[in-house]
Amino acid sequence: MSKREILRGEHNTSDRKRNHDLQGLFPEGTLEQVNQKQTLLRTWLACLLLTSLLLVGELDLQSSAVAEDSPGHGSFPLEAAAKPAIGHIAGIKLSIPHKYLLSGVHYRGEEVWTKSKTAPPPRTFDSEIQDFSLLLRQSTLRPIETEQDWADYRAYGRTAFPRPENRWLTMSFYPDWYTANGGKLKAVRDRYMKDEPHWGPFTSKDEKVFGLNHAVSIKREEEKSFYLDADELFYDDITWNTFISCSNYHRAVQPFDPLSFCRHVFVLEELNVVVELDCTKDDLSRWHEFELAIRKIALSFVVK
């Protein structure tokens, strides 16, 4: 891990860490199937890799998106000629404007780890979407729409201490997570409470936090096997549509201040997907606002 990553508290992107993070999201045996295909994590990995490279100064990005009709080709997010990405999820037709896309759309059955020597097939509404990711400014929950937005996003990637008004959220949409968990997140909570990821055991607290049930791990920070092991859970036990796991830790170098990293997942029933976004505990009070805004944006992509 680079010094810049440590300073900012960035998460590790190794295969071991990715598998570690997702243990609670999948029923037993499902994660192994996902790993064999190496597909569900594509957009999440792209986001983390690009952010990491920017932070350590190894890549001066000319683009934050991959054109939907030209995999691997960087394209300016405000490119006027860029067509929307089209396809379907569970028979629901989608047309996703280019300005929203973080790293293009991943279509079912297509290899994403190696660049194909052949051109992708023409995209139609019969093309099945396996996953996709969006990029939004956190303060406004809007995509890159102006030259200033673009400049701000590039500046965000070049600093370990972004301005509060210049933080950006990435979110991914996963139909397979929806299917694996039966369209609800109760099984995810149950796997954590049974301590299947071995990050607990967790104990339930009496008081709710911002309207969500709360559980904490009995492990102390120094007892964690990895500094981003989840030690707090927040969930809606009425709808089972929201689940947030948070890791609390201290910066490894001075000023040794407390940091947090949260993975917020929620069910978007209208699209048969689970949405995943990364945030911090400081954002916890906005969990419902995030879900409403992301749902509104995603449903605007639906073609009647």
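Visitor: Which residues of H8 are buried?
Guide: A quick note before that: this is a predicted model. The buried residues of H8 are Trp-287, Phe-290, Glu-291, Ala-293, Ile-294, Ile-297 and Ala-298.

Visitor: Why would residues three or four places apart point the same way?
Guide: An α-helix has 3.6 residues a turn, so residues at that spacing point the same way.

Visitor: What covers the buried residues of H8?
Guide: The cover includes strands E6, E7, E11, E12 and E13.

Visitor: How many residues does H8 have, and how far does it reach?
Guide: H8 has 13 residues. From first C-alpha to last, H8 spans 18 Å, close to the 18 Å expected at 1.5 Å a residue.

Visitor: Now the inside. How many residues are in the largest nonpolar core?
Guide: That core has 28 residues. Those with the most contacts inside it are Ile-96, Phe-132, Leu-134, Met-171, Phe-173 and Ile-294.

Visitor: Which elements supply at least two residues each?
Guide: Strands E3, E4, E5, E6, E7, E12 and E13 do, along with helix H8. H8 gives the most, with 5 residues.

Visitor: What does the second, separate core include?
Guide: That core has 17 residues, including Tyr-174, Val-188, Trp-199 and Phe-202.

Visitor: Change of topic. How many disulfides are there?
Guide: The count is 1 disulfide. Cys-246 is joined to Cys-262, with 2.0 Å from S to S.

Visitor: Where do those two cysteines sit?
Guide: Cys-246 is in strand E11, residues 242-250. Cys-262 is in strand E12, residues 258-268. They are 16 residues apart, and the pair links distant parts of the chain.

Visitor: Is Cys-246 buried or exposed? And Cys-262, buried or exposed?
Guide: Cys-246 is buried, at 0% relative accessible area. Cys-262 also counts as buried, with 0% relative accessibility.

Visitor: Why is the disulfide called right-handed?
Guide: The torsion about the S-S bond of Cys-246 and Cys-262 is about 110°, so the disulfide is right-handed.

Definitions and conventions: Residues are numbered from 1 along each chain as its sequence is written. This is a predicted model: local features need pLDDT of at least 70, side-chain atom pairs count only at pLDDT 80 or more; totals for chains, interfaces and linings use all residues. Side-chain values use heavy atoms; hydrogens and water are left out. A disulfide is a pair of cysteine sulfur atoms within 2.5 Å. Helices (H or I, at least four residues) and strands (E, at least two) are DSSP runs, numbered from the N terminus. Buried means under 20% relative accessible area, exposed over 50%, partly exposed in between (1.4 Å probe, protein chains only). A nonpolar core is a set of buried Ala, Val, Leu, Ile, Met, Phe, Trp, Tyr and Cys residues joined through side-chain atoms within 4.5 Å. The expected span of a helix is 1.5 Å times one less than its number of residues. Contact means heavy atoms within 4.5 Å.
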